[in-house]
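Please have the sequence and the 3D view at hand as you read.

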Amino acid sequence: MSQAKIIVSGGGIAGAAVTLMLGREGFEVVQLEQAEEFKEVGAGMHIGPNITRMFTELGLFDRLTQTAVFPERLNFRNAITGDVVNYIDLADVKKTFGGPYIVIHRNDVLQTILQAADELPNVTISANRKVVDFVDEGGAVTVTAESADGKHHTYVGDVFLAADGVHSIVRKRFVGDTTQPTGYVAYRSGLPIEEMGGLDLDMTAINCYMGPGLHLMQYGLRAGALYNQVAVFRSPSYPADDWGNPDELLEAYSQMCPVIQKSTSYLSTIRRWPLADLPPIDKWTFGRIALLGDAAHATTQYLAQGAGQSLLDAASLTKNLKALGDGPWSDEAVAGCWAAYEAERVALGTGVQRNSRLWGDMWHVDTPGSILMRDWLFANRDRYNYDLIKWVWGARV
């Protein structure tokens with residue numbers, strides 16, 4: 001068992017993953033989450049082959065397969081006509097990159113990781129602990145968390161890993177930037193298949209309908225028991241009050257193909273998600289404190305790599321902290337560890353941020369000429385040429 005103690009802030013996939021990986025290497029880990037319970041908000045997520053490989057290496061992939069869906073194709077469709085302009089053969093993706101491409105409920109992923117971490121005697125997982133302060137004292141970091149009853153709880157660790165999301169208080173102290181709204185909003189819902197009557201559902205494929213200033217993503221979840229839909233559109237009233245409201249949703253999709261118009265009638269409009277990311281930065285570490293996950297590189301969803309990049313962060317941090325030995329660690333040793341982490345992860349993480357926005361821009365082109373050009377480019381692309389994505393799907397730590 002290592003003498004080093006590590007404090008982790010954040011109860012999402014990034015925080016859970018780094019807690020599990022470090023715990024398995026023998027570190028004492030304390031994970032803090034401000035909410036009363038650990039859960040992911042939202043519904044489905046894509047996991048590319050770079051990350052399913054990691055879950056296999058962690059021994060968790062078999063657990064995920066109990067609820068995952070293994071689609072055969074990812075169809076890119078014109079949202080106005082409904083036509084498939086090209087598709088990705090996901091069986092070939094598995095053969096080429098050594099891991100399948102799956103879709104799964106976000107909370108199933110989080111709970112699988114948390115359960116594995118909670119099995120470790122050297123890991124403490126605490127909900128109802130909102131980090132309100134932290135002090136790097138040189139040689140150690142003191143973290144103060146507050147519970148819902150107003151009590152303060154103090155934790156001391158050799159390093160502090162901040163996986164506290166897109167609104168990270170840790171990043172705000174060191175970087176001082178804010179989220180970058182995109183003017184787009186998402187409506188998400190996953191309904192039982194039996195409640196989707198009247199729709200001809202293709203459970204063997206992911207369907208991505210690309211339209212003017214919008215897209216609709218559809219696929220099965222929970223081993224085919226649910227059907228997940230994500231409708232994203234650019235609000236014409238952004239940034240006015242109540243931008244992206246349900247009336248705008250209906251108007252945005254009213255001129256799309258009949259399948260989309262019928263599909264969107266099943267969307268829940270109780271909650272909406274304004275879409276934003278963070279500016280790319282080239283420094284993720286400060287003294288004995290490191291950022292990971294969305295706190296380091298929050299991205300838009302168009303490359304389906306947000307959670308996946310968080311797992312790569314966790315793997316890199318674990319590998320480089322393990323290389324320091326059992327501790328205690330000097331400030332110089334920690335600085336060297338952080339340099340190795342940033343060398344491995346910053347270029348890829350910020351590359352995903354930048355390219356994800358570009359990919360979204362391509363989906364959402366909105367003039368007749370640009371739509372025609374986009375569809376021509378998609379249709380004439382060799383679906384078995386992965387030059388544009390192998391830098392992501394082939395990445396390893």
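Pro-328 is found in the loop between helix H10 (306-322) and helix H11 (331-363); helices (H or I, at least four residues) and strands (E, at least two) are DSSP runs, numbered from the N terminus. This is a predicted model, in which local features need pLDDT of at least 70, side-chain atom pairs count only at pLDDT 80 or more, and totals for chains, interfaces and linings use all residues. Residues are numbered from 1 along each chain as its sequence is written, and side-chain values use heavy atoms, with hydrogens and water left out.

**Cis peptide bonds**
- Most residues other than glycine have a negative phi, and most peptide bonds are trans.
- The bond from Gly-327 to Pro-328 is cis, with omega near 0 degrees.
- A cis bond also runs from Tyr-238 to Pro-239, with omega near 5 degrees.
- Pro-239 sits in the loop between strand E15 (226-234) and helix H7 (246-253).

**Positive phi**
- Arg-222, in the loop between strand E14 (214-221) and E15, has a positive phi near 50 degrees.
- Ala-223 is found in the loop between E14 and E15, and its phi is positive too, near 55 degrees.
- Arg-222 is partly exposed at 30% relative accessible area, while Ala-223 counts as exposed at 55% (buried is under 20%, exposed over 50%, partly exposed in between; 1.4 Å probe, protein chains only).

**An exposed tryptophan**
- Look for Trp-376 in helix H12 (residues 368-379).
- Trp-376 is exposed, with a relative accessible area of 52%.
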